[in-house]
Structures are given as structure tokens and as C-alpha cells.
Amino acid sequence: VTLAGVDKIGKLTPATKLSDSQYVEFTLPSPPAQFLVWEPVDIQVDSAGIVWATLAAGNAIMRLDPSQAQPKTDNGIDIIPLASCPETECRQPPPPEPPALSREPTQMTLKETPAGTEVWFTEALADKIGVVRWGGSPASSSQSHFTCACKVPPVTGGTPDAGNPSGIDVDPGGSI
């Protein structure tokens, strides 16, 4: 589970008797100075058991390797920063504004390929969809950002309104 207000990822292992359930939290590393918080939003687990999450306010994607992770620490957590989001490409978020613009990656889906995991996500403040291709480390990962043509025609004329893409999935054939 994502815990946006405290920048943590939680894992609940339910038991038949609720009080016997196990719960642990993993703490995200401190965000860079230009962001106040990471704000994890969506979360998915790939076939290898790796946990992925979008970090909406921190303009990044998180990867958590359970074999390396330790509760209440950021061990085993990689942060993949997304390309910066210039004002010409992204809208200002509603107040209170963060110190830096974020593409605001929100919803995500995973696509597994022979080359590895692809994390596809919506970019709510850039009206785009993006993809991060895991390369074994944040530095060796690649990313692309695509205009999704999701602008909404204005009701009374003028320029198109923002589309705010909010859902994304992959079909059995691998198309996004």
C-alpha cells in the first residue's frame, strides 16, 4: 500500500484473525531539495516480486526490491527521477504549489518484455503518458514521454482544456 502523507510503502500480510496479521513499513529516502515530498500514489508488483510505485509530487518512479528491503529503512529502494518538467510542457499544480514542477506521474501499469520491466504511467500535469525501462539501476534506465492527444475540446471555444490522463493498462497483446 502507498502511504502518500508520510512517504512510505506498507506491506500487510493478512491472517485469518485480523490481530494476527503482519504489517511492516518501508521508508522512502528523503526527496531532493526541490521537492517537499514524494507522494507515492499507484503501486504494482511485477512477476519477479519487485514493487513499483509512482511518486506524483516528486516527479519519479520508485522500485523496491523485497529481497534487499528492510522495514523502517530505505534499503532496497531505488528512485528513478523523471525528466524535468518545464513550464512550457507542464501546468502549474493547484495550490499549495510544490517548489518544483512535477509531471505528476499517477496511475501506472507494468509491461514485461524480454529486455525487462517497462513501467508505463500517466502524467497528469503534462497531459502525457510516459514509460521507464528498467536498466538495472536508476542511472542505466531509460524513459520516454508521449503526448497522448487527450486534450478536451472546450465547451465555449478557445484553446483545448487539459486532458488529465488518469488510467492506463496493457492488453494481452502488449499494447498500452
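Me: How many salt bridges does the structure hold?
Reply: This is a predicted model, in which local features need pLDDT of at least 70, side-chain atom pairs count only at pLDDT 80 or more, and totals for chains, interfaces and linings use all residues. Residues are numbered from 1 along each chain as its sequence is written, and side-chain values use heavy atoms, with hydrogens and water left out. A salt bridge is a side-chain nitrogen of Lys or Arg within 4 Å of a carboxyl oxygen of Asp or Glu. The number of salt bridges in the structure is six.

Me: How many strands are there in the protein chain?
Reply: Helices (H or I, at least four residues) and strands (E, at least two) are DSSP runs, numbered from the N terminus. The protein chain has zero helices. Its strands number 11.

Me: With which residue does Arg-63 form a salt bridge?
Reply: In this salt bridge of Arg-63, the closest N and O atoms are 3.7 Å apart. The pair links distant parts of the chain, since Arg-63 is in strand E6 and its partner, 15 residues apart, is in strand E7. The partner is Asp-78.

Me: Does Arg-63 count as buried or exposed?
Reply: A residue is buried under 20% relative accessible area, exposed over 50%, and partly exposed in between (1.4 Å probe, protein chains only). Asp-78, at 24% relative accessibility, therefore counts as partly exposed. The relative accessibility of Arg-63 is 13%, so Arg-63 counts as buried.

Me: Which residues does Arg-63 touch, not counting residues up to four places away in sequence?
Reply: Contact means heavy atoms within 4.5 Å. Arg-63 lies in strand E6, which covers residues 60-64. With residues up to four places away in sequence not counted, Arg-63 touches Ile-50, Val-51, Trp-52, Gly-76, Ile-77, Asp-78 and Trp-134.

Me: What is the bridge partner of Met-62 in E7?
Reply: E6 and E7 run antiparallel and are joined by five bridges. Within E7, the partner of Met-62 is Ile-79.

Me: Why is one side of E8 and one side of E11 left without a neighbour in the sheet?
Reply: Four strands form an open sheet with antiparallel pairing, in the order E8-E9-E10-E11. E8 (105-113) and E11 stand at its edges, so one side of each has no neighbour in the sheet; the reason is that each has a single partner strand.

Me: Which residue in the turn between E9 and E10 has a positive phi?
Reply: Strands E9 (residues 116-123) and E10 (residues 128-133) run antiparallel and are joined by six bridges. They form a hairpin with four residues between them. The turn residue with a positive phi, about 55 degrees, is Asp-127.

Me: What does the salt bridge between Glu-89 and Lys-128 tie together?
Reply: The side chains of Glu-89 and Lys-128 meet at 3.9 Å, N to O. Glu-89 lies in the loop between E7 and E8 and Lys-128 in strand E10, so the pair ties together parts that are 39 residues apart in sequence.

Me: Which residues do salt bridges that share partners join into one network?
Reply: The side chains of Arg-103 and Glu-123 meet in a salt bridge at 2.9 Å, N to O. Arg-103 lies in the loop between E7 and E8 and Glu-123 in strand E9, so this pair ties together parts that are 20 residues apart in sequence. Both Arg-103 and Glu-123 are buried. The one network consists of Glu-89, Arg-103, Glu-123 and Lys-128.

Me: Leaving aside neighbours within four places in sequence, with which residues is Ala-100 in contact?
Reply: Ala-100 is found in the loop between E7 and E8, and its relative accessible area of 16% is why it is buried. Its C-alpha atom is separated by 8.9 Å from that of Leu-36, 64 residues apart along the chain. With neighbours within four places in sequence left aside, Ala-100 is in contact with Gln-34 and Phe-35.

Me: How many residues of the protein chain are there, and what percentage of them count as buried?
Reply: Among contacts with a separation of 6 or more, 41% are accounted for by residues 24 or more positions apart. The chain has 176 residues, and the percentage that count as buried is 38%.

Definitions and conventions. Two strands pair if DSSP finds at least two bridges between them.
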